[in-house]
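Student: Hey, can you walk me through this one? I'm new to it.

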Amino acid sequence: MPDLLDSIWGLQDDNEFIAALTDHVAKKCGYGEHLEGLSGPERVFYLTQCCEMEINNGGFSQLFFNLPGFAMEEIPEAFAGIGAPRTAELCRGALAVFGRQLPADAGRRRDLLEQLENGETDALLSQCDEAFSRYEEDLNALNRAYVMRNRAEFS
């Protein structure tokens, strides 16, 4: 009987493949609570998927509010790692709106985000949200190709 990963590898549709692997990797790391349990490529994949889901649900503001602070600085490099340099640069730009590194501590980060909410910050993040939503790079195809190149690192 094939294991779960065997069935995932057999999926032909990029969207189905990405959704199934995202679910598998999310469960493996306790939905982000134990990112240290992921291999490097699994972590890259998980971060790009979390980023995309958060932005699609509520923009960069939601991403910054919900994602663990220690992972924030990894996001641009994760997108660069899958071969999405424009998305990586867009994420760098969104992070730069704050002019400093966001605190890793969730409470401190959320307080800072609330303090920085104003017309200018909101407008800049809104521009980043709009640019992200244009999907200038096929993130599903790039993620799938990245995963397949690093298949041995997924368990």
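This is a predicted model: local features need pLDDT of at least 70, side-chain atom pairs count only at pLDDT 80 or more; totals for chains, interfaces and linings use all residues.

Tutor: We'll go through salt bridges, helix faces, a surface patch and a few loop residues.

Student: How many salt bridges does a search of the whole structure find?

Tutor: The search finds 8 of them. A salt bridge here is a side-chain nitrogen of Lys or Arg within 4 Å of a carboxyl oxygen of Asp or Glu.

Student: Which residue forms a salt bridge with arginine 43?

Tutor: Glutamate 74 does, and the closest N and O atoms are 2.6 Å apart. The pair links distant parts of the chain, 31 residues apart: arginine 43 is in helix α3, and glutamate 74 is in the loop between α4 (69-72) and α5 (75-82). Helices are DSSP runs (H or I, at least four residues), as are strands (E, at least two), numbered from the N terminus.

Student: Is arginine 43 buried or exposed?

Tutor: Arginine 43 counts as buried, at 18% relative accessibility, while glutamate 74 is partly exposed at 27%. Buried means under 20% relative accessible area, exposed over 50%, and partly exposed in between (1.4 Å probe, protein chains only).

Student: Which residues are linked in a network of salt bridges?

Tutor: Glu77, Glu89 and Arg92 are. In the bridge between arginine 92 and glutamate 77, the closest N and O atoms are 2.7 Å apart. Arginine 92 sits in helix α6 and glutamate 77 in helix α5, 15 residues apart, so this pair links distant parts of the chain too.

Student: And what does glutamate 137 pair with?

Tutor: Its partner is arginine 86, with the closest N and O atoms 3.7 Å apart. Glutamate 137 is in the loop between α8 and α9 and arginine 86 is in helix α6, so the bridge ties together parts 51 residues apart in sequence. Glutamate 137 is buried, at 7% relative accessibility.

Student: Switching topic: which residues of α7 are buried?

Tutor: Arg109, Leu112, Leu113 and Leu116 are. Seen down the axis of α7, they fall within an arc of 100 degrees, so they line one face of the helix. The arc is that of the directions from the helix axis to the C-beta atoms.

Student: What about α9?

Tutor: In helix α9 (residues 139-149), the buried residues include Leu139, Asn143 and Tyr146. The buried residues of α9 fall within an arc of 160 degrees down the axis, so they line one face of the helix.

Student: Where is tyrosine 31?

Tutor: Tyrosine 31 is in the loop between α2 (14-28) and α3 (40-66). Its phi is near 55 degrees, a positive value in a residue other than glycine. Most residues other than glycine have a negative phi. Tyrosine 31 is exposed, with a relative accessible area of 52%.

Student: What is the phi of tyrosine 135?

Tutor: Tyrosine 135 has a positive phi of about 45 degrees, although it is not a glycine. Its place is in the loop between α8 (119-133) and α9, and at 32% relative accessibility tyrosine 135 is partly exposed.

Note on methods. Residues are numbered from 1 along each chain as its sequence is written. Side-chain values use heavy atoms; hydrogens and water are left out.
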